[in-house]
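Let's take a walk through this model together, with the viewer open alongside.

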Amino acid sequence: MSGNSTRRRFLATSAATATGVALGDLDALAQRPGGPNLILVIVDSLRADAVYDRHIHTPNIDRLLASGLRFTSAYPEAMPTVPARNSILGGRRTFPFRNWHDYPGLLNSPGWSPLRDVNESLPAVLRRAGYWTAYVTDNPFLGFSRPYAPLRASVNSFVRTGGQIGGSHPVSSVPDKVLRHWLHPSISPDKRKRVGLYLANSRYWNNERRSFAAKVMKDAVRALEHGSRRRPFALIVDTYEPHEPWTPPPPYVDMYGKWGDREPAMPRYGKVDNWLRPGQRGPVVRRLRELYAAEVTMTDRWLGVLMNRVHDLGLESQTVIALVADHGILLGEHGWTGKISTALHPALTNVPMVIVDPAHRRAGQFSRYFASTHDIAPTLLSMMGVEAPKRMNGVDLSVKFEGRQPPKRDYAFGGYGNSFYIRTRRWALWGRNKPARLHLFDKRHDPSEGRNVARRHPQVVNRLYRIVRRRAGGRLPYYSGLDPDG
């Protein structure tokens, strides 16, 4: 079926919505389109270099990279977890989080707000177009918070796994020997409870089938099997792993190194010098990287279970597959650990993004285009042959598969909390929205971003900041007292 026919069906079902038909009633009205299926995988805290540089064992993601087109200069326009997903699912910019306020059930941090206009988000648009839609996740915010109830109701099937944060099993249910094993003395008291609850509600330190990655991907397989009987389908798989805590079973940890001490399952967010004694810094940071790598490998292994089922069902030539992360994490780079809104280096902001065309066009190739998380929805809708809502202002990257170029982009920009960033091919600038605490790096002469040259190049700082203000619609908002990392 042609893309024009599918678009006509989309417009017809959109007209039904305009006349007051509820989203849940559209299944009876929508005709089954002829576009491809969709599998979108969202992975939390996955650094681009973790999968692009091949220093971590990710054979299943490697197969996706070999089959698809990867974007090596992909940056989230909004961070972290919830703002990034709003960008991915909504297909439009959310930074600079104007008129934000605290929403019960979400973190009290700029950008943490419900997905606006849910009926014009990626899953809802595809459902209206006749797709059977499913969302599978262990993300505690999308899965359980009240502000995300409309998103959960917008799909045919929403499958959630709890226990990533909190849960019904108390810390006392974890054997003391196990709890002590994962609580290195450097872990702060507030993080100890988090690690304990995580262990209590996962209990997978010796059985990876209990891991959240395994639970999500096994749920995704069941959704896939159901969707394969209701084609075309659109399946979104949103895994919180490899988000910390990191408590992978021995076979994965042993791939990256041996450790004779209690495990640092969770880093403190901040300067390494502020939470590790001099003799601990090198060994503990190395172990953090090894635990992270082990968690990435385990997540990849369970992603492979889903991808193998796609193959077994013969769906590869009929399905668009995309993988994207919301952000990365600092693991000692530049002296920081965690997600730090005042240290927006590539370890945190450069994310993997790969799109696999069913015909394997551009297979194994890469693009340096400044792609963004809000490009995902309009790109996938285009590949489905479904018209994107006008509210979506992301770029359609699928033209790359046709040998054409998307609109020119000379930079990536966005924000995290009260901070902004902008990156060009030569310069990287970030700071507080005020603006304050400005950092400028000349990537041509300092690719590792080790020397802040903001004072030496005030004209560059002013020019780049003016671009951000202009693109963001004027003065950037600043919410006092809400700097999550100091």
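This is a predicted model: local features need pLDDT of at least 70, side-chain atom pairs count only at pLDDT 80 or more; totals for chains, interfaces and linings use all residues.

## A guided walk through the model

Start in the loop between strand 6 and helix 12 (250-253), which is where proline 245 sits. The peptide bond joining glutamate 244 to proline 245 is cis, with omega about 5 degrees. There's another cis bond to look up, between arginine 231 and proline 232, and there omega is about -5 degrees. Proline 232 belongs to the loop that runs between helix 11 and strand 6 (233-239).

Mean pLDDT for the chain is 92, with 93% of the residues at 70 or more. The stretch to watch is residues 1-30, where pLDDT is below 50, even though the model gives this stretch 46 contacts beyond near neighbours in sequence.

While we're on backbone geometry, two positive phi values are worth a click. Asparagine 99 isn't a glycine, yet its phi is positive at about 60 degrees. You'll find asparagine 99 in the loop between helix 5 (81-90) and helix 6 (122-128). Its relative accessibility is 69%, so asparagine 99 counts as exposed. Arginine 203, also not a glycine, has a positive phi near 55 degrees. Arginine 203 is placed in the loop between helix 10 (189-202) and helix 11. With 27% relative accessibility, arginine 203 counts as partly exposed.

Now for the helices. How do helix 11 (residues 212-227) and helix 14 (residues 278-312) cross? Their axes come within 9 Å, at a crossing angle of roughly 10 degrees. Helix 11 and helix 14 are therefore roughly parallel to each other. On the helix 11 side, the contact is made by Ala213, Ala214, Met217, Lys218, Ala220, Val221, Leu224 and Glu225, while helix 14 brings Thr299, Trp302, Leu303, Val305, Leu306, Arg309 and Val310. Sorted by type, the residues of this contact between helix 11 and helix 14 come out as 11 nonpolar, one polar and three charged.

Helix 14 has another partner to look at, helix 4 (residues 59-67), and here the axes are 7 Å apart and the angle is about 55 degrees. Helix 4 and helix 14 are therefore oblique to each other. From helix 4, Pro59, Asn60, Ile61 and Leu64 meet Asp300, Arg301, Leu303, Gly304 and Met307 of helix 14. The residues in this contact of helix 4 with helix 14 split into five nonpolar, two polar and two charged.

Is threonine 319 buried or exposed? Threonine 319 counts as buried because its relative accessibility is 0%. What does its side chain reach? The threonine 319 side chain comes to 2.7 Å from the backbone oxygen of leucine 315. There's also a polar contact, at 3.4 Å, between the side chains of threonine 319 and asparagine 37. Setting aside residues up to four places away in sequence, threonine 319 touches Asn37, Leu38, Ile39, Phe233, Val356 and Pro358.

Valine 320 lies in strand 8 too. Its relative accessible area is 1%, so valine 320 is buried. Neighbours within four places in sequence aside, valine 320 is in contact with a list of residues including Pro36, Asn37, Ile39, Ile355, Leu380 and Met384.

Finish at aspartate 357, in the loop between strand 11 (353-356) and strand 12 (365-372). Its C-alpha is separated by 5.4 Å from that of valine 320, and the two are 37 residues apart along the chain. Aspartate 357 counts as buried because its relative accessible area is 5%, under the 20% cut-off. The side chains of aspartate 357 and arginine 361 are joined by a polar contact of 3.1 Å. Not counting residues up to four places away in sequence, aspartate 357 touches Met383 and Phe401. Met383 turns up in the contacts of valine 320 as well.

Methods
Residues are numbered from 1 along each chain as its sequence is written. Side-chain values use heavy atoms; hydrogens and water are left out. Buried means under 20% relative accessible area, exposed over 50%, partly exposed in between (1.4 Å probe, protein chains only). A polar contact is a pair of N or O atoms within 3.5 Å; within protein, one must be able to donate a hydrogen and the other to accept it, and residues adjacent in sequence count only if both atoms are side-chain atoms. Contact means heavy atoms within 4.5 Å. pLDDT is the predictor's confidence in each residue, from 0 to 100. Axes are lines fitted to C-alpha atoms, for helices over the stretch in contact, and angles run from 0 to 180 degrees between N-to-C directions. Helices (H or I, at least four residues) and strands (E, at least two) are DSSP runs, numbered from the N terminus. Angles under 35 degrees count as roughly parallel, over 145 as roughly antiparallel, 65 to 115 as roughly perpendicular and the rest as oblique. Ala, Val, Leu, Ile, Met, Phe, Trp, Tyr, Cys and Pro count as nonpolar, Asp, Glu, Lys and Arg as charged, and the others, Gly among them, as polar.
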